[in-house]
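Here is a short report on one protein model. Look at the structure first, then read on.

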Amino acid sequence: MAVEFGVFVPQGWRMDLTEIEDPAEQYEAMTRVARRADELSGYDSIWVYDHFHTVPEPTRNTTFECWTITAGLARDTRRVKVGQMVTCNGYRNPALLAKMASTVDVMSHGRLLFGLGAGWYEHEWRAYGYGFPDVPVRMRMFREACEIVHRMWTEDDVVFEGEHYRIDRPINEPKGLQKPHPPFWIGGGGERVTLRLVARWGDACNVFGDPDTLRHKFEVLRRHCEEVGRDYDEITRSTSVNVHLLEEGEDPEKATRQARGRRSYEEYAEQFRIGTPKQIAALLEERAEAGVEYFIVYLPRVAYDHTQLERFAEEVIPALS
């Protein structure tokens with residue numbers, strides 16, 4: 001079963017640039033990972049997060065802004081697509097966001113993957129003055145945003161009057177290079193709202209979970225597609241996985257010590273799939289059998305050493321291609 005792969009580049013959000021002091025060198029470290037992924041034949045895309053503060057807790061460390069680096073990485077690379085997992089709807093007006101995405105699609109010569117989600121990181125929302133609406137409000141905002149973005153890519157003279165957003169014939173030229181529009185990736189597995197939005201507006205979804213959860217979510221998506229008259233097979237089904245590759249016979253606890261920092265091995269193992277390339281390939285194959293067509297992987301310490309990036313491309317991807 002052939003599947004495709006993307007990889008996250010280090011941008012600071014996951015405390016993955018802290019060992020580099022100079023901000024310019026931090027950016028260059030990120031760019032080197034993007035360019036190496038661009039050179040390796042296995043990666044279809046590179047990805048960034050839309051966050052302002054580090055995780056698991058906000059710290060005074062570098063976190064490069066998502067859309068600025070999306071534009072920069074689009075010019076720093078030549079082949080790979082560039083995506084966001086995912087843009088937080090609450091951080092930017094959706095009409096402006098549609099315009100930004102159209103511009104970056106042209107800048108990249110048609111390599112943009114546009115990711116959008118409702119948003120969840122409360123500390124960032126409040127710190128930047130966006131408030132933090134409750135979930136039903138955020139989801140209604142998200143629903144309106146999906147329609148606005150899609151229509152601004154596919155129509156002229158769009159008029160929209162919603163509960164949260166209004167637009168009055170914004171001019172969005174050029175609308176991008178990709179036809180009929182840049183691929184629209186919608187993040188989240190909510191069964192009543194998010195997956196219905198995927199069926200209505202999305203070209204791809206990104207959901208999390210074990211194989212049984214993924215299989216269930218995709219069946220829910222299929223039912224929504226039937227209800228709105230959409231071809232389920234038009235939608236790319238993706239998931240994100242954190243992976244730490246081991247050498248054969250390597251002790252997992254010792255091998256992960258540097259990557260996990262102050263976290264215990266047990267904490268790290270809850271967040272990362274740890275194993276040899278053969279073991280990781282088997283784990284991913286289970287998810288592919290559940291319906292996943294596209295994997296987006298996060299690999300540790302690639303800002304400092306490209307070994308994991310290269311080994312994944314050379315030893316894991318071929319097993320699923």
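## Core, fold and salt bridges

The largest nonpolar core holds 83 residues, and Tyr43, Phe114, Leu284 and Phe312 have the most contacts inside it. Helix 5, residues 135-154, gives the most to this core, with nine residues. Apart from it lies another core, of 21 residues, including Trp47, Cys88, Leu113 and Phe272. A nonpolar core is a set of buried Ala, Val, Leu, Ile, Met, Phe, Trp, Tyr and Cys residues joined through side-chain atoms within 4.5 Å. Buried means under 20% relative accessible area, exposed means over 50%, and partly exposed is in between (1.4 Å probe, protein chains only). In soluble globular proteins, nonpolar side chains tend to be buried together.

The model is predicted: local features need pLDDT of at least 70, side-chain atom pairs count only at pLDDT 80 or more, and totals for chains, interfaces and linings use all residues. Residues are numbered from 1 along each chain as its sequence is written, and side-chain values use heavy atoms, with hydrogens and water left out.

Take Phe114. Among the residues that Phe114 touches are Trp67, Leu97, Val149 and Trp185, not counting residues up to four places away in sequence. Contact here means heavy atoms within 4.5 Å.

Now the whole chain. The protein chain has 12 helices and 12 strands. These are DSSP runs, numbered from the N terminus: helices are H or I with at least four residues, strands are E with at least two. Of the 321 residues, 55% count as buried. The C-alpha trace spans about 60 × 45 × 40 Å along its principal axes.

Next come the charged pairs. A search of the whole structure finds 23 salt bridges. Each is a side-chain nitrogen of Lys or Arg within 4 Å of a carboxyl oxygen of Asp or Glu. The table shows some of them.

| Pair | N to O distance |
|---|---|
| Arginine 35 and aspartate 76 | 3.8 Å |
| Lysine 81 and aspartate 44 | 2.6 Å |
| Arginine 237 and glutamate 293 | 3.6 Å |

Where do lysine 81 and aspartate 44 lie? Lysine 81 is in strand 3 (residues 81-84) and aspartate 44 is in the loop between helix 1 and strand 2 (45-48), so the pair ties together parts 37 residues apart in sequence. Aspartate 44 is buried, at 15% relative accessible area, whereas lysine 81 is partly exposed, at 27% relative accessibility.

Arginine 237 is buried, with a relative accessible area of 10%. Finally, Arg36, Glu39 and Glu310 are linked in a network of salt bridges.
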